[in-house]
Amino acid sequence: MNEKVSPFTPGNPAPVELFVGRVEQIREILRYVGQTNSGRQENVFLAGERGIGKSSLAAFLQHLVSKEDFLAVHVFLGGVTTLDELVRRIFEQILKEADMQRTLSDKLSRFFNKYVKQVDLFGVSVSFNPPANDLKDLIRNFPEALNNIIEEIKPEKKGIFIALDDINGISNTPEFADWYKSFVDNVSIHYPRFPALIMPIGLPEIRDTLSKHQPSLMRVFRVVEIDKLSDKEVEEFFKKSFERVGIEVEPEAMKIMVMSSSGLPILMHEMGEAVFWLDEDKIISEEDAFKGILNAADSIGRKYLEPKVYRAIRSERYRSILRKLASEKIIIGFRKKEIEARLNEKERKVFDNFLRKMREQGVIVADIERGRGFYKFVNLLYAVYIWMESQRTVKLNNKYYH
Ligand SMILES: Nc1ncnc2c1ncn2[C@@H]1O[C@H](COP(=O)(O)OP(=O)(O)OP(=O)(O)O)[C@@H](O)[C@H]1O
Ligand SMILES: [Mg+2]
């Protein structure tokens with residue numbers, strides 16, 4: 001039986017112990033949380049590209065804010081498109097959180113009982129399924145309901161923190177933007193003291209969607225954006241993670257893993273996971289790291305690329321092109337001519353097909369800024385993936401694969 005347990009969590013929000021970086025953003029958001037102590041309701045929009053670490057940051061904030069005597073809830077809204085479900089999930093999560101913190105549960109379940117008459121308590125898990133009419137009331141009287149909760153928990157909690165994780169779906173519903181705006185307006189008119197921070201989370205372009213539906217909504221948000229991690233933070237992540245399972249990482253191996261992660265959290269988890277499983281002696285060597293890249297590339301190709309793109313890139317036909325695209329460093333763009341100069345006649349023909357295919361599949365685009373004949377990868381993940389695959393073709397004939 002294999003008793004190894006990987007510390008890496010590709011695809012799931014990072015556990016608090018292995019969370020790294022985001023120092024500035026955390027400081028900023030905690031400042032706004034502090035500001036709600038004066039009674040002011042705050043709204044933060046947390047924006048970031050797919051997989052950049054929004055949910056992980058929200059989970060980490062929930063942990064920090066809880067320690068500041070706030071009731072902190074993290075509501076997952078992926079796939080939610082109606083206000084009914086949105087509001088149901090918010091209250092359900094509040095109930096669950098309060099239920100876990102024993103002291104609050106009596107008071108709050110009394111409140112919810114009173115409010116919707118249906119609360120199912122079994123052990124620690126709570127489900128909240130009020131009849132449709134009551135749910136409509138909760139949508140309409142959201143400020144009042146939230147205020148009641150804040151009042152109920154006042155002796156123990158300074159206020160409430162609600163992360164609305166992944167509003168990408170619901171923001172396409174026109175009512176959402178209006179509902180949110182009237183919530184904010186209502187609170188500022190009727191409640192001089194409303195210590196609540198609400199933090200919707202979504203892709204950067206969601207701001208445009210929301211503005212389209214309700215032009216003045218974006219004004220209510222303080223926008224906090226997260227981007228790539230620094231190489232230092234990625235290194236810290238690998239150190240922490242491997243240390244936890246008693247594995248030593250040699251400096252050369254660390255360099256390789258940090259470079260191929262390119263500051264993207266999902267890549268660092270995939271890299272770590274791949275390296276972790278192929279290591280046998282509790283020491284990560286340069287060779288382990290290189291093999292890890294190849295395994296990580298497999299996993300990334302299958303998980304994050306369109307199957308068509310994945311097949312095209314890995315097809316026999318383009319192998320030799322990939323080898324010639326390979327370089328020491330990850331390139332985010334290239335000049336057609338320069339690559340062409342390295343190709344033989346046969347490869348050159350295939351190269352045109354290769355470029356066309358990559359363009360059709362949305363892997364590369366013409367780099368207009370740099371000029372004619374320049375191409376760039378549409379995102380860093382593709383660039384890293386191509387680099388990983390090119391390393392495969394190089395390394396196959398190289399020192400590690402004899
Ligand atoms: N600060 C961090 N420290 C350590 N790991 C992180 C960090 N941020 C993100 N990760 C890891 O990166 C991956 C993606 O993170 P996460 O799910 O939080 O991103 P997201 O922006 O919410 O993605 P999506 O757009 O798909 O919702 C996860 O495996 C997570 O564990
Ligand atoms: Mg997320």
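**Close-up views of a predicted model**

**View 1. Position of His63.** His63 is found in helix 2. In this predicted model, the residue has a relative accessible area of 32% and is therefore classed as partly exposed. From His63 to Val73, the C-alpha to C-alpha distance is 9.4 Å, and the two residues are ten positions apart in sequence.

**View 2. A patch of negative charge on the surface.** Four residues, Glu49, Glu205, Asp208 and Asp227, gather in this patch. Glu49 belongs to the loop that runs between strand 1 (42-47) and helix 2 (54-67). Because its relative accessibility is 47%, Glu49 counts as partly exposed; the exposed class requires over 50%.

View 3. At least two of the patch residues are supplied by helix 13 (307-314), and at least two by helix 16 (345-360). Arg311 is placed in helix 13. With a relative accessible area of 56%, Arg311 is exposed, because the exposed class begins over 50%.

**View 4. The two assigned domains.** The domain assignment divides the chain into domain 1, covering 22-225, and domain 2, covering 231-401.

Terms used:
Residues numbered from 1 in each chain as written. Chains lettered and ligands numbered in written order. Predicted model: local features only at pLDDT ≥ 70, side-chain atom pairs only at ≥ 80, totals over all residues. Heavy atoms only, no water. Patch = residues over 30% accessible without salt bridge, like charges linked within 9 Å, V, L, I, M, F, W, Y side chains within 5 Å. Areas by Shrake-Rupley, 256 points an atom, 1.4 Å probe, with all protein chains shown as cover. Salt bridge = Lys/Arg side-chain N within 4 Å of Asp/Glu carboxyl O. Lys, Arg positive; Asp, Glu negative; His and termini not counted. Charge placed at Lys NZ, Arg CZ, Asp CG, Glu CD. Helix = DSSP H or I, 4+ residues; strand = E, 2+ residues; numbered from the N terminus. Buried < 20%, exposed > 50% of the residue type's maximum accessible area, 1.4 Å probe, protein only. Domains from an automatic or database assignment.
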